[in-house]
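My entries follow in the order in which I looked things up.

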Amino acid sequence: MKKTAALLGSMMMLTSLNANADVIGVYAGAQLWDMSAEGSYADSSMQTEYDFESEKQNRLYIEVEHPVPLIPNVKIAHSELMTAGFEFGFDAMLIDGELNGEVDVTYTDYTLYYELFDNGLFSFDFGLTAKDFGGDFVTSNGDSLNVDTYIPMLYLSAEVALPLTGLDVFAEGNILAIGDNTLADYQAGVAYALVDNMIVDVDVQLGYRVVEVELDDVDDIYADLKFDGVFAGLEVHF
């Protein structure tokens, strides 16, 4: 909750900056992700596989772009990642219908990036993200495994405009792989311009998002999880 409040406060502050400097572009968006999950986790290398429920998750983001050379642009994104399920193969009646595994990881990405190329039809961004990754993994025996760390990740983003259609094709993502630990968060989709004028642009989005988590003894957690599904979103550009 505190992280969500901080994100909303950052959005208000950055939007107020835009009101005083029209050379600054502000993008604010919200997405609803219809997520399914699969995989395993435990406090040892002998991981327990779970049959997870599908969930709808939220993602909020804001980014600020400016024309000042050498100073990076800024993007802040806040994502929910929560699901629960039964230990794979268990009969629900044996545990009175209660879910016996739970993943509750909500994280915020702080990204600094440069727009390396933008000609109106194609753009490409490159940067670094500090992922404030924290939450709990509850095992089938009732243990709660906590992770709370900042993870540096590579950030890439690209967008291609389809002339005379009002459509853009976009993709963005973060990825990090160190030894047996891998974390990836990426999405791709299409955006359609509902409003396009000199004051404000409004786009609707439809796409597919994937989050992959592979941990090998990180804060005593071993995990091999994949979350994926379609999302719909709305983005406003001032």
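I began with the term core: a nonpolar core is a set of buried Ala, Val, Leu, Ile, Met, Phe, Trp, Tyr and Cys residues joined through side-chain atoms within 4.5 Å, where buried means under 20% relative accessible area with a 1.4 Å probe and protein chains only. I kept in mind that this is a predicted model, in which local features need pLDDT of at least 70 and side-chain atom pairs count only at pLDDT 80 or more, while totals for chains, interfaces and linings use all residues. Residues are numbered from 1 along each chain as its sequence is written, and side-chain values use heavy atoms, with hydrogens and water left out.

**Core.** I found 27 residues in the largest nonpolar core, of which Tyr41, Leu81, Val103, Phe137, Leu225 and Phe227 touch the most other members. Strands here are DSSP runs of E, at least two residues long, numbered from the N terminus; among those that supply at least two residues of this core are S1 (25–42), S8 (122–138) and S12 (201–218). Strand S13 gives the most to this core, with five residues.

I then followed phenylalanine 227, which, leaving aside its neighbours within four places in sequence, is in contact (heavy atoms within 4.5 Å) with residues including Trp33, Met35, Leu81, Val103 and Val211.

**Aromatic rings.** I counted rings of Phe, Tyr and Trp (its six-membered ring) as a pair if their centres lie within 6.5 Å, with planes under 30 degrees apart stacked, over 60 edge-to-face and the rest tilted. The whole structure holds eight aromatic pairs. In one, tyrosine 113 and tyrosine 155 have ring centres 5.7 Å apart and planes at 45°, so the pair is tilted. This pair links distant parts of the chain, with tyrosine 113 in S7 and tyrosine 155 in S9, 42 residues apart. Tyrosine 113 is buried, at a relative accessible area of 0%, and tyrosine 155 is buried too, at 3%. I also noted that Tyr41, Tyr50, Phe52 and Phe137 form one aromatic cluster.

**Cavity.** On a 1 Å grid over the protein atoms alone, a cavity is a set of points where a 1.4 Å probe fits but cannot get out, and lining residues have an atom within 4 Å of a point. The largest cavity has a volume of about 120 Å³. Its lining has 13 residues, and Arg59, Asp109, Tyr155, Glu172 and Asn174 lie nearest its centre.

Notes:
On a 1 Å grid over the protein atoms alone, a cavity is a set of points where a 1.4 Å probe fits but cannot get out, and a pocket is an open set with protein on both sides within 12 Å along at least five of seven lines; lining residues have an atom within 4 Å of a point. Grid points are joined across faces, edges and corners, and a volume is the space filled by probe spheres set on the points. Buried means under 20% relative accessible area, exposed over 50%, partly exposed in between (1.4 Å probe, protein chains only). Helices (H or I, at least four residues) and strands (E, at least two) are DSSP runs, numbered from the N terminus.
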